[in-house]
Amino acid sequence: MSDEEHHFDSKADAGASKTYPQQAGAIRKNGYIVIKARPCKGVLMGKDISPHPGQAWTCQVHFVGIDIFNGKKLEDIVPSSHNCDVPHVNRTDYQLIDISEDGFVSLLTENGNTKDDLRLPTDDNLLSQIKDGFADGKDLVVTVMSAMGEEQICALKDIGDMKGKQELLIPKQRNLAFTAG
């Protein structure tokens, strides 16, 4: 049997978890947290210490977060000693190559291939900046945020006039996992 007969598809995540556990009391404001199965950025955290009948005093943490993909406000209350899920959040910069008529973008990946599976953002301001800049022929770099199997364009940069240069933009990847310190 030759190697051609055995083709194995590899996964990019290699079985890695989309979240990691962290004690509720250790999560801080502006950190990431999963609330109601959605990746959120914590905007408000408060502690409530109250007695329960026949039990010792308990401390609970009230989380208010904004979904990082759709902007919806979510809330949860968790005992401070319990673990919460924290999403692995990454941001990657890609050079914008094309915008299709059906709302998808074509991006240049690190290895020189194209990434064609992302839609234009729903944020009207960012959407108009991308469309106007692309129509004006500017060299644009978009930042793609990814967490829990979702991806979305979240920022835009104009890298200036690169015409005549022989350089290719290599995407930069940043891991934004929040750790208590």
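**A residue in a strand**

In which strand does Gln22 have its place, and is Gln22 buried or exposed?

*Solution.* Before the first step, note that this is a predicted model, in which local features need pLDDT of at least 70 and side-chain atom pairs count only at pLDDT 80 or more, while totals for chains, interfaces and linings use all residues. Residues are numbered from 1 along each chain as its sequence is written, and side-chain values use heavy atoms, with hydrogens and water left out.

Strands (DSSP runs of E, at least two residues) and helices (runs of H or I, at least four) are numbered from the N terminus. Step two is accessibility, where buried means under 20% relative accessible area, exposed over 50%, and partly exposed in between, with a 1.4 Å probe and protein chains only. Gln22 counts as buried because its relative accessibility is 10%. Step three looks along the chain: Cys84 is 62 residues away from Gln22, yet their C-alpha atoms are separated by 5.4 Å.

**The chain as a whole**

Describe the order of the elements, and state how many of the chain's contacts join residues 24 or more positions apart.

*Solution.* Begin with the count, which is one helix and 12 strands. Read from the N terminus, the order is β-β-β-β-β-β-β-β-β-α-β-β-β. Next, take contacts, meaning heavy atoms within 4.5 Å: of those with a separation of 6 or more, 55% are between residues 24 or more positions apart. Finally, 35% of the 181 residues count as buried.

**Confidence**

Which element has the lowest mean pLDDT, and which the highest?

*Solution.* The quantity pLDDT is the predictor's confidence in each residue, from 0 to 100. The chain averages 82, and 75% of the residues score at least 70. Among the elements, strand β12 (residues 173-175) has the lowest mean, 57, whereas strand β2 (residues 32-35) has the highest, 96. Two stretches stay under 50 and deserve a separate look: residues 6-11, with one contact beyond four places in sequence, and residues 163-170, with nine such contacts.

Work out how β8 pairs with β9 and how β10 pairs with β11.

*Solution.* Two strands pair if DSSP finds at least two bridges between them. Strand β8 (residues 104-108) and strand β9 (residues 114-119) run antiparallel and are joined by four bridges, and Leu108 has Thr114 in β9 as its bridge partner. Five residues lie between β8 and β9 in this hairpin, and in the turn Gly112 has a positive phi of about 90°.

The other pair is β10 with strand β11 (residues 150-158), antiparallel over eight bridges, where Val141 stands opposite Lys157 in β11. Here two residues separate the strands of the hairpin, and Met148 in the turn has a positive phi of about 50°.

**Positive phi in loops**

Where are Asn30 and Lys36 found, and how accessible is each?

*Solution.* Most residues other than glycine have a negative phi. Asn30, in the loop between β1 and β2, has a positive phi near 70°. Its relative accessibility is 47%, so Asn30 counts as partly exposed. Lys36, in the loop between β2 and β3 (38-51), has a positive phi near 50°. Its relative accessibility is 59%, so Lys36 counts as exposed.

**Cores and a buried strand residue**

Which residues touch the most other members of the largest nonpolar core, and which elements give two or more residues to this core?

*Solution.* A nonpolar core is a set of buried Ala, Val, Leu, Ile, Met, Phe, Trp, Tyr and Cys residues joined through side-chain atoms within 4.5 Å. In the largest one, of 18 residues, Ile33, Phe63, Ile68 and Cys84 touch the most other members. Two or more residues each come from β2, β4 (57-67), β5 (73-79), β6 (83-87) and β10 (140-147), with β2 giving the most, three residues. Apart from this core lies another, of 14 residues, among them Leu96, Leu118, Val142 and Val144.

Ile153 is buried because its relative accessible area is 2%. Leaving aside neighbours within four places in sequence, the contacts of Ile153 include Val105, Leu118, Leu126, Ile130, Val142 and Val144.
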